[in-house]
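Let's take a walk around this model, starting at the ligand and then moving on to a pocket and a ring pair. Have the viewer open as you read.

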Amino acid sequence: MAKVCDTSDEWIRERSGIQQRYFVKEGTATSDLAVGAAKKALDDAGLTPADIDYIVVATMTPDYYFPGIGSQVQAKLGMGTVPALDIRQQCSGFVYGLQVSDALIRAGASKRLLFIGAEVHSGFMPFSPKTWDVVMGRSNDEISKEERDWNSKFRHLVVLFGDAAGAVVLGPSENKDTGVLGFALHTDGKNVESLYVPSGGFAYRPYFSEAHAKEGRYVPVMDGKTVFKTAITKMPEAVHEVCAKVGLTLNDVDLIIPHQANQRISEAVQKALKLPDDRIFNNIYKYGNTTAATIPIAYDECKKSGRIQKGNLICFVGLGAGFHWGAALMRE
Ligand code: ACO
């Protein structure tokens with residue numbers, strides 16, 4: 001990153017906690033990553049695509065403007081004509097999509113559902129092919145000052161994001177005390193322009209234009225401070241709210257899995273909730289912010305490492321563009 005814009009490894013580690021991130025090879029789309037994660041989740045559950053009767057996918061980086069990637073994921077997995085629903089809630093895509101999935105199962109619309117969070121953020125990076133060669137380690141050439149200045153305009157943003165996917169298989173709980181217990185979700189649209197992609201939308205005619213491309217309006221605009229302040233206020237509130245809603249308290253929660261936006265956000269949430277280190281999980285240092293994928297990846301890592309045990313109460317919490325935010329409680 002420091003080779004292509006005015007930043008340093010030290011700044012990134014200190015301000016975001018990120019030590020590495022993954023970018024797909026050009027030509028790999030979000031639906032491809034989603035399919036990879038889906039296959040792993042199905043294997044883990046001992047199931048095949050034929051066992052699934054509903055697909056829900058959360059992403060803010062779909063392969064195409066429309067349709068969403070649900071249909072591509074379904075076709076790539078050879079899943080006949082099962083319904084495929086797309087969720088557009090950015091960094092809170094997992095908590096919102098979990099509520100929708102839970103409701104579909106409770107309503108009897110699905111018996112076994114595949115829920116995926118996937119992102120290929122590399123598509124919105126403001127990098128030229130030359131910059132990409134340097135970023136991916138294919139070239140050691142110096143990039144021009146002009147290119148470096150352009151990349152640096154977006155330095156607060158490009159250092160945060162990585163590409164990834166995570167998936168879960170959901171079905172009815174064994175009994176009413178296990179599985180998803182409740183949600184506290186909110187949206188406040190007043191600050192949409194603090195975090196959004198200002199082009200590629202139907203507010204313009206045409207919805208893509210050369211002028212917009214030249215201005216870099218395909219790159220998200222992010223007022224990092226507003227996102228930061230909102231996240232560290234709303235995420236702890238949502239945790240308390242969801243606990244109160246289901247008649248429990250924070251003391252009952254064994255592990256909080258927050259959306260991985262920035263290590264400092266997670267630390268501020270931990271402080272606000274007065275939690276010891278072993279009751280909140282962080283892995284942003286390995287992947288960066290992967291939007292809808294962070295929570296399912298973190299959940300999988302916690303399960304595989306034994307950090308989550310049968311009977312544990314888990315709280316998922318996130319906030320993202322919209323602003324949408326919320327928390328979900330689940331008994332393992
Ligand atoms: N490298 C070096 N310096 C930088 C970089 C960088 N990559 N980015 C910003 N700076 C500079 C700024 O220009 C500023 O310089 P100045 O004082 O000369 O003006 C200085 O560092 C401090 O900038 P701040 O914005 O105050 O930096 P902060 O410590 O707040 O960190 C950050 C910025 C990392 C973006 C932080 O605000 C943040 O994480 N916010 C939350 C963002 C987030 O979570 N977004 C994800 C949501 S994604 C979704 O929902 C789609």
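By class, how many nonpolar, polar and charged residues does the shell around the ligand have? It has 13 nonpolar, six polar and five charged residues, where Ala, Val, Leu, Ile, Met, Phe, Trp, Tyr, Cys and Pro count as nonpolar, Asp, Glu, Lys and Arg as charged, and the others, Gly among them, as polar.

A word on ground rules: this is a predicted model, where local features need pLDDT of at least 70, side-chain atom pairs count only at pLDDT 80 or more, and totals for chains, interfaces and linings use all residues. Residues are numbered from 1 along each chain as its sequence is written, and side-chain values use heavy atoms, with hydrogens and water left out.

**The ligand**

In total, 24 residues surround the ligand, and T7, R15, K225, N262 and R264 are the closest (a residue is near if one of its heavy atoms lies within 4 Å).

| Side chain | Distance to a ligand oxygen |
|---|---|
| R155 | 2.9 Å |
| K225 | 2.6 Å |
| R264 | 2.7 Å |

On its own the ligand exposes 1000 Å², and the protein buries 76% of that (accessible areas by the Shrake-Rupley method with a 1.4 Å probe). Two or more shell residues come from each of α1 (9-16), α7 (155-158), α9 (224-245) and α10 (263-272); α9 gives the most, with four. Helices here are DSSP runs (H or I, at least four residues), as are strands (E, at least two), numbered from the N terminus.

**The second largest pocket**

Next stop: the second largest pocket, with about 1400 Å³ of space. A pocket is an open set of points on a 1 Å grid over the protein atoms alone, where a 1.4 Å probe fits, with protein on both sides within 12 Å along at least five of seven lines; lining residues have an atom within 4 Å of a point. The volume is the space filled by probe spheres set on the points, which are joined across faces, edges and corners.

Of its 46 lining residues, A167, V168, V169, Y299 and K303 are the closest to the centre. Helix α2 supplies the largest share of the lining, eight residues. By class, this lining has 24 nonpolar, seven polar and 15 charged residues.

**A ring pair**

The structure holds twelve aromatic pairs (Phe, Tyr and Trp rings, six-membered for Trp, with centres within 6.5 Å; planes under 30 degrees apart are stacked, over 60 edge-to-face, the rest tilted). One of them is F23 with W132: the ring centres are 5.2 Å apart and the planes at 90°, so the pair is edge-to-face. Because F23 lies in the loop between α1 and α2 and W132 in helix α5 (residues 129-135), the pair ties together parts 109 residues apart in sequence.

Definitions and conventions: Polar contact = N/O pair within 3.5 Å; in protein donor to acceptor, adjacent residues only side chain to side chain.
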